[in-house]
Protein chains: 2
Amino acid sequence: MAKIASTVYEQIRTAILSGELSNSERLVEEDLAVSLGISRTPVREALRRLAAEGLVDVSPNRGARVAEWDAHDLREIFDLRSILESHACELATPRASAAEIAFLENICDEMEALAKTELSSEQRLPALAAKNRIFHSKIIEISNSSRLGLLIETLIHVPIVMQTYKVYSPEALERSLRHHREIVTAMKAGDEVWAASVMRAHVLAAREEVLGQNEAE
Amino acid sequence: MAKIASTVYEQIRTAILSGELSNSERLVEEDLAVSLGISRTPVREALRRLAAEGLVDVSPNRGARVAEWDAHDLREIFDLRSILESHACELATPRASAAEIAFLENICDEMEALAKTELSSEQRLPALAAKNRIFHSKIIEISNSSRLGLLIETLIHVPIVMQTYKVYSPEALERSLRHHREIVTAMKAGDEVWAASVMRAHVLAAREEVLGQNEAE
DNA sequence: ATTCCTCTATTTGTATACAAAGATGGCCTA
DNA sequence: TAGGCCATCTTTGTATACAAATAGAGGAAT
């Protein structure tokens, strides 16, 4: 058990991303430590790591709180995602192998099948969100730019971004799936401008869905 | 003295960025601690923070080393900078006030004056590099996107990027200054496409200078 | 009653101690 | 002599102890 710090980091992180901890909740080192049965040292390390990723805010001598995002933050995040992920598409298109295209097509199939099932939203949406993440990650992976991947990751480490599908209307969901399909088609055709453009539209459309929901609150 | 960790973080960071520590040098916590007259705890915190920024690599149970960058890394970094900084220009152009434009023009004046002086390179280049950083930072500031600023910062926290001017030929330096001037002209004209295009060219030109130098080694 | 101040309790920041994992070097064997 | 194994030594990871700083409550003065 050589890395308690990493374990507790993961635990706190998933707790934040799932929304379990939210509302700028205070994260007291000692409390977390005793509740996990460990000392403050690894808890502290985990919190600083989360702070570096922007998931928690730390003030000197005043401790850590779960970070909060307002509409302006979300706009920034989706704008940057639209730029960076479309760039990933551009890089990925000439590099994608037939197998990788097939992999992406397969995810499209699975997501479309999931969308058609009669399962309740509570079951369907997490599954769709998971496939969605795999789809986007795969394109970034194909783009072969590790730093690009890191930049995008820091942007999507935000609860509401991780759960975008939860706020989607049925029409928005269908449009999203059509975007995925079109991105793969464009990549298959070797047209990186097409692929990048659809990806940009895809993320900007998501922005409007999320912002509309968020501002209405 | 409530923040030893921040102080030592700055010290190690500037040591790395200045090239004082380099060549994947090992950073032993205890050694740093005794040489600074403090305990390992704040040293450790500083190292983890630097690791999160990508300035050092840490392996579990094996400590920290100064990070290294190869030509592929540099290509990635400059490509992403070209995209993000041109986006910053695009956002900044419609927002820039007359005073901000004047500020940027003033930096152009100062840099051109510096370039003309008969000072030795050792004196001139650091001054130019400092002004250059201010120029780019100012545009990011005007763009009013804090996250964009953070993303760009993580990219330029790399020694060779900080010292780009050191590898510039006289022609490249002159071109760089003309780019700056043209960016301000475009922003003044309210033409964000023009401004963004020049910025993109500006960073991509820098990429070729640095890569040409680096690959030749 | 309100404001300001002080005192205390809580919480973070740093130091030190100890445990565990890696690296190093010498010795033994083939 | 080369290669592998064991012991030791170094270095990191975690726990605990202590110091410094902040927040909050309560009381005094106006």
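Which residue in S3(B) is the bridge partner of B:Asp57? The first legend below gives the reply, and the later ones turn to other parts of this predicted model.

Residues are numbered from 1 along each chain as its sequence is written, while chains are lettered from A and ligands numbered from 1 in the order in which they are written. Because the model is predicted, local features need pLDDT of at least 70 and side-chain atom pairs count only at pLDDT 80 or more, whereas totals for chains, interfaces and linings use all residues.

**View 1. The hairpin of S2(B) and S3(B).** Strand S2 (residues 56–59) and strand S3 (residues 63–66) of chain B run antiparallel and are joined by four bridges; strands are DSSP runs of E with at least two residues, helices are runs of H or I with at least four, and both are numbered from the N terminus. Two strands pair if DSSP finds at least two bridges between them. B:Asp57 has B:Arg65 of S3(B) as its bridge partner. Three residues lie between the two strands, and B:Asn61 in the turn has a positive phi of about 65°.

**View 2. Helices H5(A) and H9(A).** The axes of helix H5 (residues 98–116) and helix H9 (residues 170–188) of chain A come within 10 Å and cross at roughly 165°, the axes being lines fitted to C-alpha atoms over the stretch in contact, with angles from 0 to 180 degrees between N-to-C directions. The two helices are therefore roughly antiparallel to each other, a term for angles over 145 degrees. Residues making the contact include A:Leu104 and A:Cys108 of H5(A) and A:Leu177 and A:Val184 of H9(A), where contact requires C-beta atoms, placed from the backbone, to lie within 7 Å.

**View 3. The side of chain B that touches chain A.** The contact takes 17 residues from chain B and 17 residues from chain A. On chain B, helix H3 (40–53), helix H4 (71–92) and helix H7 (146–156) each supply at least two residues, and H4(B) gives the most, with five residues.

Methods:
Angles under 35 degrees count as roughly parallel, over 145 as roughly antiparallel, 65 to 115 as roughly perpendicular and the rest as oblique. Two residues are in contact if their C-beta atoms, placed from the backbone, lie within 7 Å.
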